[in-house]
Amino acid sequence: MLDPGCEVSATGASRLADEIAELAITAALEEVEPDDPDAQARQLYTAVLHHINTHIDDPGLSPQQIAATFYISTRTLHRIFARFYTTVATAIRTRRLESCRQALLSPSNAHHSLTEVAARYGFPNPAVFSRTFTSAYGVTPSHYRELHRY
């Protein structure tokens, strides 16, 4: 610590100013770029999952459409998801299945056929929907609906 009555040479003052500037830059970079190398990837991954959730009923929802929305290449999108041990298609399919499952539970959808519910969430082929649903939940969609009648 400098003595309050002590004068600093021009060279010393310049060096102190440089060191203070370096400390300020380091502190600012820590705020912008934390020590987590996956921070940017995690942020994009989270944003894409949110996009999937809010656009799950869009029949055009695909890795290509998502990549275009976020102004990244499809390959970059796949790399981001690979860092989190999943794929874009898996995330979309899982969310679509969950939306269908919730719709089958809802009394407001009681008058809709299984085919209508499946198509609403991106399963235009009833056989594929039935196989995928059964694989995920252990029962057919019709049996699931019957088990959970209101």
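Helix 2 and helix 4 are roughly perpendicular to each other. Their axes come within 10 Å and cross at roughly 105 degrees, and angles of 65 to 115 degrees count as roughly perpendicular. The model described here is predicted.

From helix 2, the residues at this meeting are Ala 41, Leu 44, Tyr 45, Val 48, Leu 49 and Ile 52. From helix 4 they are Leu 77, Ile 80, Phe 81 and Arg 83. By type, the contact of helix 2 with helix 4 has 9 nonpolar residues, no polar ones and 1 charged.

**The overall fold**

The protein has 8 helices and 0 strands. Along the sequence, the pattern reads α-α-α-α-α-α-α-α. The protein has 150 residues, and 24% of them are buried. Take the contacts between residues at least 6 apart in sequence: 56% of these join residues at least 24 apart.

| Pair | Angle | Axis distance |
|---|---|---|
| Helix 2 and helix 4 | roughly 105 degrees | within 10 Å |
| Helix 2 and helix 5 | about 40 degrees | 10 Å |
| Helix 5 and helix 7 | about 90 degrees | 11 Å |

**Helix 2 against helix 5**

Helix 2 covers residues 39-54, and helix 5 covers residues 88-105. They pack at an angle of about 40 degrees. That makes helix 2 oblique to helix 5. The crossing of the two is right-handed. Helix 2 brings Leu 49, Ile 52 and Asn 53 to the contact. Helix 5 brings Ala 91, Ile 92 and Arg 95. The residues of this contact divide into 4 nonpolar, 1 polar and 1 charged.

**Helix 5 against helix 7**

Helix 5 also packs with helix 7, at an angle of about 90 degrees. That makes helix 5 roughly perpendicular to helix 7. On the helix 5 side, the residues are Arg 93, Leu 97, Glu 98, Cys 100, Arg 101 and Leu 104. On the helix 7 side, they are Phe 129, Thr 132, Phe 133, Ala 136 and Tyr 137. This contact of helix 5 with helix 7 counts 7 nonpolar residues, 1 polar and 3 charged.

**The nonpolar core**

The largest nonpolar core holds 25 residues. Ile 52, Ile 66, Leu 77, Phe 81 and Phe 129 touch the most other members. Two or more residues each come from helix 2, helix 3 (63-69), helix 4 (74-83), helix 5, helix 6 (114-120) and helix 7 (126-137). Helix 5 gives the largest share of this core, 7 residues.

Ile 52 of helix 2 takes part in the contact with helix 5 and meets helix 4. Leu 77 and Phe 81 are on the helix 4 side of the meeting with helix 2. Phe 129 of helix 7 is among the residues that meet helix 5.

Not counting residues up to four places away in sequence, Leu 77 touches Val 48, Pro 63, Ile 66, Ala 67, Ile 72 and Val 88.

**A buried loop residue**

Asn 109 lies in the loop between helix 5 and helix 6. Is Asn 109 buried or exposed? Its relative accessible area is 9%. Buried means under 20%, so Asn 109 is buried. Leaving aside neighbours within four places in sequence, Asn 109 is in contact with Ala 103, Arg 120 and Arg 145.

Note on methods: Residues numbered from 1 in each chain as written. Predicted model: local features only at pLDDT ≥ 70, side-chain atom pairs only at ≥ 80, totals over all residues. Heavy atoms only, no water. Axes fitted to C-alpha atoms, helices over the stretch in contact; angles between N-to-C directions. Helix = DSSP H or I, 4+ residues; strand = E, 2+ residues; numbered from the N terminus. Parallel < 35°, antiparallel > 145°, perpendicular 65-115°, else oblique. Left-handed = near helix turned anticlockwise from the far one by under 90°. Contact = heavy atoms within 4.5 Å. Nonpolar A, V, L, I, M, F, W, Y, C, P; charged D, E, K, R; others polar. Core = buried A, V, L, I, M, F, W, Y, C linked by side-chain atoms within 4.5 Å. Buried < 20%, exposed > 50% of the residue type's maximum accessible area, 1.4 Å probe, protein only.
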